[in-house]
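Subject: A structure for you to look at

Hello,

Here is the structure I promised to send over. Have a look at it first, and then read on for what turned up.

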Amino acid sequence: MHTTLIDAATLSQHLDDPKWVILDCRHDLMNPNAGFDSFAIGHIAGAQFANVDTDLSGAKIGADGKFQGRHPLPGRAAFIETLRGWGIDDDTQVVAYDAHGGMFAARLWWLLRWVGHPAAAVLDGGLVAWQAAGQPMVTHAERRTPGSISERDALVSTVSVDEVVANLSTQARTVVDARAADRYRGENETIDPVGGHIPGAKNRFFKDNLTADGRFKDAAQLKAEFAPLFASAPEAIMQCGSGVTACHNLLALEVAGLPGAALYPGSWSEWVGDASRPVATGN
């Protein structure tokens, strides 16, 4: 079972394995159609397309009428049905990939763990590593027989916006923001209506988890880089702009042997949906 990362060579040996499902998570936050358009041009044989906005996210307005962020979690039952539609069973090995260093594939990895499915891995280096290894691309879209995956206890945890607000006073948990340093400081904000960060949050840009070739750094290096962030409060909350790239940090922590951090799904986009919540800028 592969539960964090998988390399291109290993994946290539399982393209015809009926117990493996490959999902293409390519996406562009500024162009919602870009992911599927790229998938149609070429993808890994047997892969199916996973849409970040629809398959991996839920309704932006919650049952209470409040804005939940740009990419709130899908309903668990609805997500299970999506997984079944991709042909996933309880014993299926799922491999997710993108062309962005895992920034979107990690969201699918985390969601699978959220519904209790541990056999989920991200293709290390993504499509770039796949092509660099001389592996083929196809244009034919795969259709699988519906699967029977069942919903099980979550292997990961989440926190609500109210819990993050309460943490402002207690500082019991370290909040880590996965966005680029300039957006964290409140500069060059082009996606959300307000720039800045949650007061007290520390910054760990998700791309810092990668080497120059787009693969994840090794466990020892990731542990050495993350551990100092948690010196004052070992329990951690991961967040970003909308709960997507925070999953990249969560994957990196798992690789590093530092599991247990919670995801704040609404992240910055939900946080600034209420003007009463405080905002910090700068470093």
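A quick definition before we start: a crossing of two helices is left-handed if the near helix is turned anticlockwise from the far one by less than a right angle. Please also keep in mind that this is a predicted model.

With that in hand, find helix H3 (residues 76-85) and helix H4 (residues 105-114). H3 passes H4 in a left-handed crossing. Their axes are 11 Å apart, and the two helices pack at an angle of about 115 degrees. Angles of 65 to 115 degrees count as roughly perpendicular, so H3 is roughly perpendicular to H4. On the H3 side, the contact is made by Arg76, Phe79 and Leu83, and H4 brings Leu108, Leu111, Leu112 and Trp114. Sorted by type, these contact residues are six nonpolar, one charged and no polar.

Next, the strands. An open sheet is built from four of them, in the order E7-E6-E8-E9, with parallel pairing. Strand E7 (202-203) and strand E9 (262-263) sit at the edges, each pairing on one side only. E9 runs parallel to strand E8 (residues 236-239), and two bridges join them. To see one of the partners, look at Met238, whose bridge partner in E9 is Leu263.

Finally, an unreviewed UniProt entry places the feature "domain: Rhodanese" at residues 16-139 and 169-280. Residues 16-139 are 28% helix and 13% strand, with end C-alpha atoms 16 Å apart. For residues 169-280, the figures are 28% helix and 11% strand, and the end C-alpha atoms are 15 Å apart.

Enjoy exploring!

Methods:
Residues are numbered from 1 along each chain as its sequence is written. This is a predicted model: local features need pLDDT of at least 70, side-chain atom pairs count only at pLDDT 80 or more; totals for chains, interfaces and linings use all residues. Side-chain values use heavy atoms; hydrogens and water are left out. Axes are lines fitted to C-alpha atoms, for helices over the stretch in contact, and angles run from 0 to 180 degrees between N-to-C directions. Helices (H or I, at least four residues) and strands (E, at least two) are DSSP runs, numbered from the N terminus. Angles under 35 degrees count as roughly parallel, over 145 as roughly antiparallel, 65 to 115 as roughly perpendicular and the rest as oblique. Contact means heavy atoms within 4.5 Å. Ala, Val, Leu, Ile, Met, Phe, Trp, Tyr, Cys and Pro count as nonpolar, Asp, Glu, Lys and Arg as charged, and the others, Gly among them, as polar. Two strands pair if DSSP finds at least two bridges between them. UniProt positions are given in the numbering used here, feature names are shortened, and annotations may be inferred rather than shown by experiment.
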